[in-house]
Amino acid sequence: MKKTLNVNVKHLSRVEGHGNINIKIRNGKLMEAQWEVIETPRFFEAMLVGKNWDNAPWITGRICGICSIGHTLASIRAVENAFKIVPDEQTTKLRLLLKHMETLQSHSLHLCFLALPDFVNAGSVFPLIKSHEDVVLRAARIKGLANDICDCVGGRRLHPTRTVVGGFTKLPAKEELSVFSERLKSIVNDLLLLAELFSGLKLPAFARETEFVSLKGKDSYPFIGGDVVSSDGVHMREQDYKKLTNEYMVPQSTAKWCRLSRKSFAVGALARLNNNFEFLHPVAKDIARRFDFVPVNHNPFMNNIAQLVECVHVVMDSVRLIDELLSSPFKEPRQEVKPRSGVGVGAVEVPRGILYHCYEFDDKGKIVRSDCVIPTGQNHANIQHDLEALAGEFAVKGKADKEIELLASMLVRAYDPCISCSVH
Amino acid sequence: MKTKEPEAKTYLGVPLYRPKVAFFEFSSCEGCQLQLVNNESTLLDFLSLVEVVNFREAMTEKSDDYTIAFVEGSITRGDEVERLKKIRKNAKILVAMGSCACFGGVNQLKNRFKNFDWVKKQVYGKHPIDSGLVRAVEDVVPVDLRIYGCPIKKEEVEKIVLHVALGKSIDIPKHPVCMECKANENICLFDLGEPCLGPITRAGCDSWCPNNRAGCWGCRGPAEDANVEYMKKIMKEKGFSEQTIMERLDCFGGFKKVK
């Protein structure tokens, strides 16, 4: 079938930030498919220059409203690595618990409020309040609990207040933690019901082979620091992040693009799952198997399912963390910080993929240089190549304009992009 | 599918006016919009008070017919100026939401460098990039209401929207965060050796950061009649460096007109 069509989506909805999709097909042939990022840059790397080290987590957390906890933790890790501070076990566990709850909050927001409407033919979650009331309430319960725990551990659900270099300004009360442990156990069923809902939805059948990059766990599913691997066999330390990302500019985007072994790579839940499947909690593994997930999976729409699997994993792992935290008396929450000159890198798996912060300090602890490489920035090139492949494939099949527009929008949404974050 | 209209709410027996509201974001982290959906327990109640006609981060449908426009973010590029002017034209009430919209927020920190080309080069090298100095929303179009904070406090937004719906007056606190902090019986941050702008920053956040033993960074801007000079003197006496004090005052841009 000879097909001619134009798809122009300006300011794609239900994603964070501003991006456009342009597709042009002439006589069944793909002329152009473009993922355009037009977000205004905010220059965080320049902002920090000359400031004292304690500004870094406070300011860079504001790169992103959705993953402010992840940014804060990556920033803290970079400062601590530069100052040779090693967080104690208590701090490490509390940070991981906080990180888990950000993952749960962000994934459940994306899955139920941003992605789900496409699968049930709605423009937003608002009509779902009537048509799928139980699902919306369930999602609100899951997300609400995650946010409540972020308030309790981090001091605030977004732009956390208690998280500082050296530890925490204040600790949660143990009584609060034990109540949260019960609430976490009680939402496992909500998550299983959510999994049932998603297993009844039809994911678009599309795959394009690519490279997946994430942290590599040693004995557990990784979230904070450590080595980085790719599904093409790359293995490096987090401080080698520049060799892992190779940022460059392209005319169609105010965010930088990245490459590693091939023309693009992907980060995020699907990349983590592909590279660390063996470390998932058994209950989360069962959910993954229900969707016939076998690593390495190359369908970008599976990122939705990978997020669902991670929701289950972080809930189960948080119950364990709280049990361990409750089993011994709390120690002082904060170590003393002695600034020194040097460079520090912090890598953290935030909801949308691996995030790097890097700072260079003078001997007084003043920031000389800073650099942040954002997960969505690493995904932009991969989104572009997926979009080309998807548009080409479906143009040949003769799909209608609206259908291609929806599929292209769903593809970008599947990456759960955080566009303003990627431009920062 | 035609959905049934929700039953009109009443206040003292009088049907409530359900304003059409729209949300827009400019240069920002979009965290303030996120705060609106972050209060899961009251979200549905809030949504029954208003009719959301524009909220790109959450919905695909959009309309230019709205009464209240909530604007998040600061203004940094020509196309943003045009978009903001159009919103101002459409809206009866324009609300600047959050520190970026009210003062420029952390984004205005780049303005402190005299050489803007250096700023661009720090991030983009030789690649050309379109960006100007950061401006608050009120520096571009008139603003009717301001909701302070980084992030905003959801309760405050709900109260303001409720008052608009009820036709009640809107009172923004004039007193400083320090008073809320005292009422919350927190240990004074100065006694813990932490810098804090609580004594000069506008209240309304219920001393959010000090409650968590983090000193105030002044994200809500100055309280009325804030004595910034005296505050600097006190902080110096407490042993804080000039740099520490200035970094706090500069952080969100709220004090640039009074300091």
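In this predicted model, helix α6 of chain B, which spans residues 154-166, lies across the strands β5, β6 and β7 of chain B and runs at about 155° to β7(B).

- The strands of chain B include 5 that form an open sheet, in the order β4-β3-β5-β6-β7, and the pairing between them is parallel.
- The edges of this sheet are formed by β4 (51-55) and β7 (145-147) of chain B, each of which pairs on one side only.
- On average, and with direction ignored, neighbouring strands of the sheet are turned by 20° against each other.
- Strand β6 of chain B, residues 93-97, runs parallel to β7(B) and is joined to it by 3 bridges, and M97(B) stands opposite I147(B), a residue of β7(B).
- Helix α3 of chain B, residues 78-90, also packs on the sheet, where it touches β3 (20-25), β5 (68-72) and β6 of chain B, and the direction of this helix makes about 155° with that of β5(B).

**Two packed helices in chain A**

- Two packed helices are described by the angle between their axes together with the distance between those axes.
- Helix α10 (residues 282-290) and helix α11 (residues 302-326) of chain A pack at an angle of about 165°, and their axes are 8 Å apart.
- Angles over 145 degrees count as roughly antiparallel, and α10(A) and α11(A) are therefore roughly antiparallel to each other.
- The crossing of α10(A) and α11(A) is right-handed.
- On the α10(A) side the residues are V283(A), A284(A), I287(A) and A288(A), and they meet L308(A), V309(A), V312(A), H313(A) and M316(A) of α11(A).
- Sorted by class, the residues in this contact of α10(A) with α11(A) are 8 nonpolar and 1 polar, with no charged residue among them.

**Where chain A touches chain B**

- Between the two chains, 48 residues of chain A are in contact with 46 residues of chain B.
- The elements of chain A that give two or more residues to the side touching chain B are α1 (44-47), α2 (55-60), α5 (128-131) and α6 (133-154).
- Helix α6(A) provides the largest share of that side of chain A, with 4 residues.
- By class, the side of chain A that touches chain B is made up of 18 nonpolar, 18 polar and 12 charged residues.

Technical notes. Residues are numbered from 1 along each chain as its sequence is written. Chains are lettered from A and ligands numbered from 1 in the order in which they are written. This is a predicted model: local features need pLDDT of at least 70, side-chain atom pairs count only at pLDDT 80 or more; totals for chains, interfaces and linings use all residues. Two residues are in contact if their C-beta atoms, placed from the backbone, lie within 7 Å. Ala, Val, Leu, Ile, Met, Phe, Trp, Tyr, Cys and Pro count as nonpolar, Asp, Glu, Lys and Arg as charged, and the others, Gly among them, as polar. Two strands pair if DSSP finds at least two bridges between them. Axes are lines fitted to C-alpha atoms, for helices over the stretch in contact, and angles run from 0 to 180 degrees between N-to-C directions. Angles under 35 degrees count as roughly parallel, over 145 as roughly antiparallel, 65 to 115 as roughly perpendicular and the rest as oblique. A crossing is left-handed if the near helix is turned anticlockwise from the far one by less than a right angle, and right-handed if clockwise.
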